[in-house]
Amino acid sequence: MSDQYQAFAKSPIGKFVIKNLGLPSPTALDRFQAGAPVIQGAVLLGAAVNSTLTGAISQVLSNIHADTYAGNNAQLQQTAAEVGLNLRAFNSGDKESKFKALVFDASGIENADQLKDLYEFFNPVARQIEASGRVIVIGTTPEKAGSVSAAIAQRALEGFVKSVGKEFKKGVVAELVYVDKGAEANLESTLRFLLSPRSAYVSGQVIRVSKGKAVKVDWAQPLAGKTAVVTGASRGIGEAIAHVLARDGAHVICLDIPPQQADLERVAGEIGGSVLALDITAADAGEKIKAAAADKGGLDIIVHNAGVTRDKTLANMKPELWDMVININLASNERVNDYLLNNDGLNANGRIVCVSSISGIAGNLGQTNYAASKAGVIGLVKFTAPTLKNGITINAVAPGFIETQMTAAIPFAIREAGRRMNSMSQGGLPVDVAETIAYFASTASTGLNGNVVRVCGQSLLGA
Ligand code: NAD
């Protein structure tokens, strides 16, 4: 599906019209290319006094060979040196240097006064971030803070980050990561994802990292040797998920309803995957999924992507439309998970990734059925996460406006509003959702459980 306005905005005449009418001018977002470095461009690193995560952050920056700069901060320089990160000097009076990422360790902030450290780091360089840049603030989980003052100050980071996401424009994204005590070693998959263009359309999000087993992975193929099922894989977002998981090394079993068999075979053929033509609402769907993965070493990843909309205002909604949407989008996820978890259908360190929607967060006119189903998916993730064992995790993505057949069917005016009402002034691409799912699915994402990350370009809906 194409965004003709964005193409127009890039043309000489389009630039002229847009400038003079004050219309939004969407930046062409950087997207990940296989084989490219995690980040292309300089990183400026900062830290509040007495921060505790600088070592872990520096370790990741060192692992990805990031060209990292820091101002005059002896504590930070010493910590970085200890993990082998070679920091280059940055003079805060320098207004010429440009940065692809601004990374700030805010874990030392323990009261409202110390929030000033954020201001002092970001204010002088706010105009020096490149297009498609990254702002990442890393703090500690407020709910587990040692004092009310510290909890308040850490919680305040969220408002700061979300405002930066709305202010910086040019496709710059801003995120907050809360790290539990003892979870420093679980930060790497999150930082790699957020620093790279894989997170092109993820902005204004809060990601919580908890303690999990630290694992070593081949970052070029983080899913090597894994078997994944992707539901609704014959087109749209599901097709992109299948491609990205296969690119990252997984064998992908592409599942869709039997009438989609031809497209399903095309997608599976393109990625060396296999086909499972199955209606996910079938009573024996869990059993069939387990059986399909049996000769591939068992199932490691299930992505519940299949979904439908049947929009009608509540007064006009027929009961069968209600039932259908709840059954496909929500009840089938629950049934399949229950079967897999109770019948050894998911390997140790398995990953369940669900697809919610910002409709499930904000609600939407004509979508009582769909929004209920997608809010239920968030409930499924939140309430299942603490019950999981054997290193299995469950997380969800909540896409905003993504350019697919589903959104192409929306009436023009509503479609245009959905596309532009976000910090990127554009819709996302199926690959943006797929990259976020691959991040949750990664073998290295052991510390991510119970997260819901919106892939919505910081949509104003439900924010
Ligand atoms: P799509 O309609 O292009 O694809 C959905 C796929 O699911 C289709 O291939 C369909 O055949 C399959 N499917 C439907 N019912 C099924 C069933 N009973 N069993 C097996 N497969 C079934 O939609 P999409 O835009 O790619 O959406 C994918 C997911 O993302 C959905 O869960 C959707 O709700 C969610 N989502 C999409 C957007 C968006 O902007 N496109 C936004 C938020 C959430």
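**Helices 10 and 11.** I looked up helix 10 (residues 285–294) and helix 11 (residues 319–342) in this predicted model; their axes are 8 Å apart and lie at an angle of about 55°. Axes here are lines fitted to C-alpha atoms over the stretch in contact, with angles from 0 to 180 degrees between N-to-C directions. Helices are DSSP runs (H or I, at least four residues) numbered from the N terminus. The angle makes helix 10 oblique to helix 11 (under 35 degrees is roughly parallel, over 145 roughly antiparallel, 65 to 115 roughly perpendicular, the rest oblique). I noted the contact residues (heavy atoms within 4.5 Å): A285, G286, E287, I289 and K290 of helix 10 meet V336, Y339 and L340 of helix 11.

**Source notes.** Residues are numbered from 1 along each chain, and side-chain values use heavy atoms, without hydrogens and water. Local features need pLDDT of at least 70 and side-chain atom pairs pLDDT 80 or more, whereas totals for chains, interfaces and linings use all residues.

**Helices 8 and 16.** I next examined helix 8 (residues 236–247) and helix 16 (residues 430–441), whose axes come within 8 Å and cross at roughly 45°. Helix 8 is therefore oblique to helix 16. Among the residues in contact are I237 and V244 of helix 8 and V433 and I437 of helix 16.

**Ligand.** I found 29 residues around the ligand (a heavy atom within 4 Å); R235, I237, D256, N305 and Y370 are the closest. A side-chain N or O atom of Y370 is 2.5 Å from a ligand oxygen.

How values were computed. Helix = DSSP H or I, 4+ residues; strand = E, 2+ residues; numbered from the N terminus. Polar contact = N/O pair within 3.5 Å; in protein donor to acceptor, adjacent residues only side chain to side chain.
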